[in-house]
Every structure is written in C-alpha cells, then in structure tokens.
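Let's take a walk through this protein, from the overall layout down to one residue on its surface. Have the model open as you read.

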Amino acid sequence: MATKLKTTVLAALRSLLRPVVRMMLKHGVMHREFAEMAKSVYVEVARKEYGLRGRPTNISRTALLTGLDRKEVTRIKQSLEADDPTVDFVARQDRISRLLAGWHTDSDYLDDDDRPVLLAEDGPAPSFNDLVKRYGGDVPAITILRELKRIDAVEAESNGQFRATRRNYRPTDADHDAINRSASVLADIGDTVTHNLYHDAKELTRFERRASNSRIPRSAVPEYRDFIYRESQAFLERVDEWLAEHEDSETDPNIDKVLRLGLGMYWIQTDAAEGGRS
C-alpha cells in the first residue's frame, strides 16, 4: 500500500512540476540549479514540520528524512539562515492589495456614488499619504505610489491628484514581481491542497473546488472569458470588502493572533488532445 501511494505521489509531482519547469526553462534555469534548490526545500520543510516537541528537526533526523548526508544538511541549513526574498514581496503585495481595497471600500475615500475619490499626494484625509498611513503599514508613501504607477493602478490627473484605475494588485507580465506573484499563487494553492490531504482530525478543511467540462467548443471561449472576468471580479471585490471589515488594524502583525487570510481564483484550460485534464 505504501509503495502504491508513493508511486501515486510521484505521478502527481510530475504533473504539478510541468508548469514550474515551463517557467524555469523560459528563464534559463538549468537542471543542476533546480536540483540544488530542491535539496534546500527538502531540508527547510523537514526541519520546520517534522521536529519533535515543537523544536526544529535536528541534523541527524533531517538527514534520515531527506536522504541527504549530515554534512550536506548542515551546509544547506546554514545557507537557509539568509532571509527568503519572497517574504518581503508577499508582505508588500498584501500591503498594496489592502491599500487598493481601502481606497475602494473606505467611506472616507469614496464619493457619493461609492467610487474612489481623486487624491492629492499630501494633506489630511482624504489624501494619498493618509491612505498609506491607514493601509500601507510602515512602507513609505512614495514607495507605494511609485509601485502603483509602475503597475498602472493609478493615473495622475492634470491637477496633480491621483485616480485609482485598478482595485487588485497585478504586476505587469514577466517582470520580477509578476514571477514572484506567480510563485506565491502556486504556493497558496499547494498549501491548501496539502492541508486538505494531511490535516489532523481537529482541523477543518479549506475551501478548494473547481468546475470544468471537457466538451466545450473553442468558439465559446470569448463568451466564457467575459462571464468569468465579470463574475469573478465581482465576487473577489465582495471578499475584499469582508476582509477589510474584519481587519484588526490595531494588532501588531508579528503577534500570533493575526494571520494572512484570503481567496484565490484561477482559469482552467487544456486541449482535448491532453486527455481533458483540468
């Protein structure tokens, strides 16, 4: 039974690695670099999630779990002590998402038709600097404004005020942030799927569903696109509003009582020649 499950896991791994390898080949990541990174992830997960009595897994047990020798585990452990560059990206992405959500839901920043008002950069509320103080954490206002301009989420008016043109954080295609965001999306999906597979009896499952059909004519894609973008955006905006209403703005983000909570949605499309996989 254990052997059959391991074979199934390896087949699943092969499937989920295809989009990852596609990304790596696109950017010239060689197999040797991937193999080195994979060893690092093995050690990281083994140390964090397989320790005893709440402590990190020791070197010997990590070596046993991963199949790496103790010297290699020690080397990788030391290299992991450096900060993970994706952590800052995820935190920044969340801050900008919160700020855009606030601009679209906070009554102080809405006009009589519940649309985001134009904001001057400085001054009391409503102003961009005040918006950043409310929703941007400790990131300087000029840094967030620069990023919003870069991703075309704001437009400068002739009078020097700024207009919100987008509600969600979405980097431009194929830049550094777009790649980091893609990785964080895959990680979020993977965390939910593996939680549902392996959670203990005291934990609840996390919502993960999909709807697909393998007999849709290609001519229906434009209509489907309009439907999905319209309905999905409307639903995500309601999720945004719920999160904004329940946010604990007074709590230090380093305290255990707060966590990152949200919902992701993604498009499914494969050719019939691929067996209708979805």
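What you're looking at is a predicted model, where local features need pLDDT of at least 70, side-chain atom pairs count only at pLDDT 80 or more, and totals for chains, interfaces and linings use all residues. Residues are numbered from 1 along each chain as its sequence is written, and side-chain values use heavy atoms, leaving out hydrogens and water.

Start with the big picture. There are nine helices and two strands, where helices (H or I, at least four residues) and strands (E, at least two) are DSSP runs numbered from the N terminus. Reading from the N terminus, the order is α-α-α-α-α-α-α-β-β-α-α. Of the 278 residues, 22% count as buried.

Now zoom in on helix α8, residues 176-198. Within α8, the buried residues are D177, A178, S184, T192 and H195.

V193 belongs to a nonpolar surface patch of about 650 Å², together with V9, V185, I189, L197, Y198 and Y266. Helix α8 gives this patch its largest share, five residues. Patch members have over 30% relative accessible area and no salt bridge, and nonpolar side chains (Val, Leu, Ile, Met, Phe, Trp, Tyr) are joined within 5 Å, like charges within 9 Å. A salt bridge here is a side-chain nitrogen of Lys or Arg within 4 Å of a carboxyl oxygen of Asp or Glu, and accessible areas come from the Shrake-Rupley method with a 1.4 Å probe, with only the protein chains shown counting as cover for residues.

Definitions and conventions:
Buried < 20%, exposed > 50% of the residue type's maximum accessible area, 1.4 Å probe, protein only.
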